[in-house]
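Subject: Structure handover

Hello,

Here is the structure, with the sequence, for your files. My notes on what was found in it follow below.

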Amino acid sequence: MNRDYYTLWLKFRQSKESLSQFAKRVGVPKSELSVAFRALSQADLKIALLERKIYRLEENLRRCYEELNNSKGLGSFLKRLIGG
């Protein structure tokens, strides 16, 4: 049966119910929800880590762009970037 586990996971996260109570209420076996929710939790964590990495890359790129604009040219910028 094709279920929308993501929507169920979001509803479960907002509820105050235990997994057993939630499973009974939505009519899905607890073991099935447990496996799906564990996978979704791991995916959510990986997405959060990727978002942090993207943010840091954006910040580094912004700083490099500002440094390039403040330098006297590309050669001067690269020397400072490399530490020469």
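Phe77 sits in helix α4, which covers residues 74–82; helices here are DSSP runs (H or I, at least four residues; strands are E, at least two), numbered from the N terminus. With a relative accessible area of 8%, Phe77 is buried (buried is under 20%, exposed over 50%, partly exposed in between, with a 1.4 Å probe and protein chains only). Phe77 and Ser41 are 36 residues apart in sequence, and their C-alpha atoms are 43 Å apart in space.

Before the rest, two remarks on the source. This is a predicted model, in which local features need pLDDT of at least 70 and side-chain atom pairs count only at pLDDT 80 or more, while totals for chains, interfaces and linings use all residues. Residues are numbered from 1 along each chain as its sequence is written, and side-chain values use heavy atoms, with hydrogens and water left out.

The largest nonpolar core has 9 residues: Leu8, Trp9, Leu19, Phe22, Ala23, Val28, Leu33, Ala36 and Phe37. A nonpolar core here is a set of buried Ala, Val, Leu, Ile, Met, Phe, Trp, Tyr and Cys residues joined through side-chain atoms within 4.5 Å.

α3 has 41 residues, which at 1.5 Å a residue should span 60 Å; its end C-alpha atoms are 59 Å apart, so the two agree (the expected span is 1.5 Å times one less than the number of residues). Leu33, Ala36 and Phe37 are buried in α3, and the buried residues of this helix pack against α1 and α2. Leaving out residues up to four places away in sequence, Leu33 touches Tyr5, Leu8, Leu19, Phe22, Ala23, Val26 and Val28 (contact means heavy atoms within 4.5 Å).

Val26, in helix α2, is partly exposed, at 28% relative accessible area. Beyond its neighbours within four places in sequence, Val26 contacts Leu8 and Leu33.

How do α1 and α3 pack? Their angle is about 85° and their axes are 10 Å apart (axes are lines fitted to C-alpha atoms, for helices over the stretch in contact, and angles run from 0 to 180 degrees between N-to-C directions). The two helices are therefore roughly perpendicular, a term that covers 65 to 115 degrees. On the α1 side the contact involves Tyr5, Tyr6, Leu8, Trp9, Phe12 and Arg13, and on the α3 side Glu32, Leu33, Ala36, Phe37, Leu40, Ser41 and Asp44.

Regards

How values were computed:
Angles under 35 degrees count as roughly parallel, over 145 as roughly antiparallel, 65 to 115 as roughly perpendicular and the rest as oblique.
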